[in-house]
Every structure is written in C-alpha cells, then in structure tokens.
Amino acid sequence: MEEFTLDQRDVIELERKDPYIFAESATPLPEQPTPKNFQSKVTPAGWQSIHSIGLSVMLAVPYIAAGIEGSRIFLILLTALCIPIIWWVTGLLGARGTSVAVRAATTGALTLTAPLVYSAGQVYPDITAGLILLLGLATLLAGERIRHAWVRIATIVFLALAPWLQLKFALPALIIVAAL
C-alpha cells in the first residue's frame, strides 16, 4: 500500500520482518516463496494477488486507517450485517403471524454457521459478495413493500460491485438485477 503498487513481492519481506502478520498460521513462511505458495500470479507488472481488484479497493480505507486489524474488524462488521438481512428475509418468507421465536431460531441457525462465525475476520471476498447477493434477494422478495426508489437503486449499485469482488458473482448479481 505504501508503494502504491499491486506487486506482492515486498509483502513477503514485510511478513519476514513482522512475525505478527504470520503468527496465526500454523504454516511457516516458505524459504523460497513462489506464486503458488504465496497466493499470487506472475504478470508483466510483477506478482499480483489472486483476488480481484474489488477486494483490495474495499479494504484500502480500513487498512490505511488501522492496518490488518482494521481490515479484519471491517470484514467482521460486514459479516455481522448478514444477521439483520437474514432476519428481514425470514419475515418476508414466513407466513403471516410467524412467531418471533421461530424467526429468531431460523436467523440464529443461518448465522451461526461455520462460514460466518469462523471466516468473518478472514480476507475472503465470498462473504462480502454473499452479503450483497443476500441484500439483492431480500429487496427482490420485499417487492412492492419497498416504497422508496433509493433502496432499489442502492441495491442495484451494490449488486454491480459484486463481480469486482470475484467474477463468479456476476451471473447471480445480473439475474437479481434483471428481476428487480
């Protein structure tokens, strides 16, 4: 980030100097880093991250503000946003008069799963993209109950960002946008 480049080779040296960055891993740093064991690919511009550019852009401000801890806290907060959206979806899908206890149990069962609990602080684009797609699905299910156009517009903007996290999210996002 300090050098304003996407080349990953300098990150290896940073991790060697600051063992805290790699302390959580049971795998020690390899003696001879390669693109394969460092989650990078070699391009004419240098070693590039295997993740799409959207993940780097999304984490730039939290990383600049508070480093790795700030990025992880940001991702945890994003993951936590799944809870109210799942609550909203359970209300939309449940029959009228569904008890709060049933909705709470369903929301708890869906949010206390391994991907959300264990991976919330990890740097994966899948959870964030899943949150965006879940928001799109909730907006679609709400239908005419959403009276403000800005909610639909904001949802479409978020759905347009999903492919920037990973290209595999382009088709589901496009399907939801077309249905909206």
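A crossing of two helices is called right-handed if the near helix is turned clockwise from the far one by less than a right angle. In this predicted model, helix 4 passes helix 5 in such a right-handed crossing. The legends below begin with the whole chain and then turn to single contacts.

**View 1. The protein chain holds 9 helices and 2 strands.** Read from the N terminus, the order of the elements is α-α-β-β-α-α-α-α-α-α-α. The chain has 180 residues, and buried residues make up 32% of them. Of the contacts between residues at least 6 apart in sequence, 58% join residues at least 24 apart. A search of the whole structure for salt bridges finds 1.

**View 2. Helix 4 packs against helix 5.** Two packed helices are described by the angle between their axes and the distance between the axes. Helix 4 spans residues 82-93 and helix 5 spans residues 100-111; the angle between them is about 135°, and their axes are 9 Å apart. That angle makes helix 4 oblique to helix 5. The crossing is right-handed. On the side of helix 4, the contact is made by Ile83, Ile86, Trp87, Trp88, Thr90 and Gly91, and on the side of helix 5 by Val100, Arg103, Ala104, Thr106, Thr107, Leu110 and Thr111. By class, these residues divide into 7 nonpolar, 5 polar and 1 charged.

**View 3. Threonine 90 lies in helix 4.** Is threonine 90 buried or exposed? Its relative accessible area is 10%, and buried means under 20%, so threonine 90 is buried. Leaving aside residues up to four places away in sequence, threonine 90 touches Arg103, Thr106 and Thr107. Arg103, Thr106 and Thr107 are among the residues of helix 5 that take part in the contact with helix 4.

**View 4. Helix 3 meets helix 7.** Helix 3 covers residues 53-80 and helix 7 covers residues 125-142; they pack at an angle of about 65°, and their axes are 11 Å apart. Helix 3 is therefore roughly perpendicular to helix 7. Their crossing is left-handed. Leu55, Met58, Leu75, Leu78 and Thr79 come from helix 3, and they meet Pro125, Ile127, Thr128 and Leu131 of helix 7. The residues of this contact divide into 7 nonpolar, 2 polar and no charged.

**View 5. Helix 7 also crosses helix 8.** The axes of helix 7 and helix 8 come within 9 Å, and the crossing angle is roughly 150°. Angles over 145 degrees count as roughly antiparallel, so helix 7 and helix 8 are roughly antiparallel to each other. The crossing of this pair is left-handed. Helix 7 contributes Pro125, Thr128, Ala129, Ile132, Leu133, Leu135, Gly136 and Thr139 to the contact, and helix 8 contributes Arg152, Thr155, Phe158, Leu159, Ala162 and Leu165. This contact has 9 nonpolar, 4 polar and 1 charged residues.

**View 6. Threonine 139 is placed in helix 7.** With a relative accessibility of 0%, threonine 139 counts as buried. Which residues does threonine 139 touch, not counting residues up to four places away in sequence? They are Trp88, Ile146, Arg152, Thr155 and Leu180. Arg152 and Thr155 are among the residues that helix 8 brings to the contact with helix 7. The C-alpha atom of threonine 139 is separated by 8.9 Å from that of valine 89, and these two residues are 50 residues apart along the chain.

**View 7. Aspartate 126 and lysine 168 form a salt bridge.** The closest N and O atoms of the pair are 3.0 Å apart. Aspartate 126 is in helix 7 and lysine 168 is in the loop between helix 8 (149-165) and helix 9 (170-179), so the pair, 42 residues apart, links distant parts of the chain. Aspartate 126 has a relative accessibility of 32% and counts as partly exposed, whereas lysine 168, at 52%, counts as exposed.

**View 8. Proline 163 has its place in helix 8.** The relative accessible area of proline 163 is 22%, and proline 163 is partly exposed. Its C-alpha atom is separated by 7.8 Å from that of alanine 173, which is 10 residues away along the chain.

How values were computed. Residues numbered from 1 in each chain as written. Predicted model: local features only at pLDDT ≥ 70, side-chain atom pairs only at ≥ 80, totals over all residues. Heavy atoms only, no water. Axes fitted to C-alpha atoms, helices over the stretch in contact; angles between N-to-C directions. Helix = DSSP H or I, 4+ residues; strand = E, 2+ residues; numbered from the N terminus. Parallel < 35°, antiparallel > 145°, perpendicular 65-115°, else oblique. Contact = heavy atoms within 4.5 Å. Nonpolar A, V, L, I, M, F, W, Y, C, P; charged D, E, K, R; others polar. Buried < 20%, exposed > 50% of the residue type's maximum accessible area, 1.4 Å probe, protein only. Salt bridge = Lys/Arg side-chain N within 4 Å of Asp/Glu carboxyl O.
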